[in-house]
Amino acid sequence: MEGVSVRKIKKICVFCGANSGKDVAFVNAAFHLGEVLGKRKIDLVYGGGKLGLMGCVSTAVAQHERQVLGIIPSAFTVNNLVGETCGKEIKVATMQERLVMMMELSDAFIALSGGFGTLEELFQMISWAQLSIHNKPIGVLNINGFFNGLLSFVDHAVKQEFITPRARKILISATTADELVDKLQAFRFESDPALSKLKWSPSSSQKEKLDLTLRL
């Protein structure tokens, strides 16, 4: 990364599955990502609990004595549904409140392998970046080609002119944790001139909070 200015990243939010997946490579990748974050002195924000890949990455970060923050809807804590959070825990009322808090408290976002919830979180952050609600880097850790189909679809949407080439740059991908973190640190946000003029004021009223649900 010689000659490239580096973004200071202190906290990364990781989206990933509450399941471990079919291939042990997904588990290994989650543990390794946690190790990489720990060695780089980067703290973790995640969805809380200890299930699946979420438990793997949070455990690895904690083992390297970095801070772990789980943001979890109160509904998930009933009857210990998702297990004990590895680190500090903040309970919220809704899934939307959880995602907004993740956005506010993190410097960057990584998606590991996962299901609908992981994809929803990933694309919500991408659409919010597109709308200039935030300018933080977003990447997927593409283990064993897990995200190949998704990345191909996004490129197809660009070719069909539903996603602009500028917006396509928001989504970063890499096959190793170190490479992905390097790319996140080197990321330079390029806002859409028209969308960057939108006013997003979190303190004005409930209306602005509802605006965060807008997706393109």
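Let's start with Lys169, which has a relative accessibility of 53% and so counts as exposed, since the cut-off for that label is over 50%. In this predicted model, Lys169 forms a salt bridge with Glu190, and their closest N and O atoms are 3.4 Å apart. Lys169 sits in the loop between helix 6 (165-168) and strand 7, while Glu190 is in the loop between helix 7 and helix 8, so the pair ties together parts that are 21 residues apart in sequence. Glu190 itself is partly exposed, with a relative accessible area of 38%.

How many salt bridges are there? The count comes to eight. One of them joins the side chains of Arg40 and Asp178, at 3.1 Å from N to O. Arg40 belongs to the loop between helix 1 and strand 2, and Asp178 to helix 7, so this pair ties together parts that are 138 residues apart in sequence. Arg40 counts as partly exposed at 27% relative accessibility, and Asp178 gets that label at 34%.

Glu179 and Lys183 form a salt bridge, with 3.4 Å between the closest N and O atoms. They are four residues apart in helix 7, which means about one helical turn separates them. Glu179 is partly exposed at 32% relative accessibility, and Lys183 is partly exposed at 36%.

Now for the aromatic rings. A pair of rings is described by the distance of the centres and the angle of the planes. There are four aromatic pairs by the rule used here. The rings of Phe15 and Phe109 have centres 6.1 Å apart and planes at 5 degrees, so they count as stacked. Phe15 lies in strand 1 (residues 11-15) and Phe109 in strand 5 (residues 108-111), so the pair ties together parts that are 94 residues apart in sequence. Both Phe15 and Phe109 are buried. Phe187 and Phe189 make a tilted pair, with 6.5 Å from centre to centre and 55 degrees between the planes. Phe187 is buried, at 9% relative accessibility, whereas Phe189 is partly exposed at 25%. Elsewhere, ring pairs link Phe26, Phe146 and Phe147 into a cluster.

Helix 2 (residues 52-63) has twelve residues and reaches 17 Å from its first C-alpha to its last, close to the expected 16 Å. Is this helix mostly covered or mostly uncovered? Mostly covered: nine of its twelve residues are buried, including Leu53, Met54 and Val57. Among the parts covering those buried residues are strand 1, helix 1 (24-39) and helix 3 (95-105). After helix 2 comes Glu65, with a positive phi near 60 degrees.

Ser132 follows helix 4 and has a positive phi, near 60 degrees.

Finally, find Lys199 in the loop between helix 7 (177-186) and helix 8 (206-211). Lys199 counts as exposed, at 74% relative accessibility. Lys199 and Leu131 are 68 residues apart in sequence, and their C-alpha atoms are 9.8 Å apart in space.

Terms used: Residues are numbered from 1 along each chain as its sequence is written. This is a predicted model: local features need pLDDT of at least 70, side-chain atom pairs count only at pLDDT 80 or more; totals for chains, interfaces and linings use all residues. Side-chain values use heavy atoms; hydrogens and water are left out. Rings of Phe, Tyr and Trp (its six-membered ring) pair if their centres lie within 6.5 Å; planes under 30 degrees apart count as stacked, over 60 as edge-to-face and the rest as tilted. Helices (H or I, at least four residues) and strands (E, at least two) are DSSP runs, numbered from the N terminus. Buried means under 20% relative accessible area, exposed over 50%, partly exposed in between (1.4 Å probe, protein chains only). The expected span of a helix is 1.5 Å times one less than its number of residues. Contact means heavy atoms within 4.5 Å. A salt bridge is a side-chain nitrogen of Lys or Arg within 4 Å of a carboxyl oxygen of Asp or Glu.
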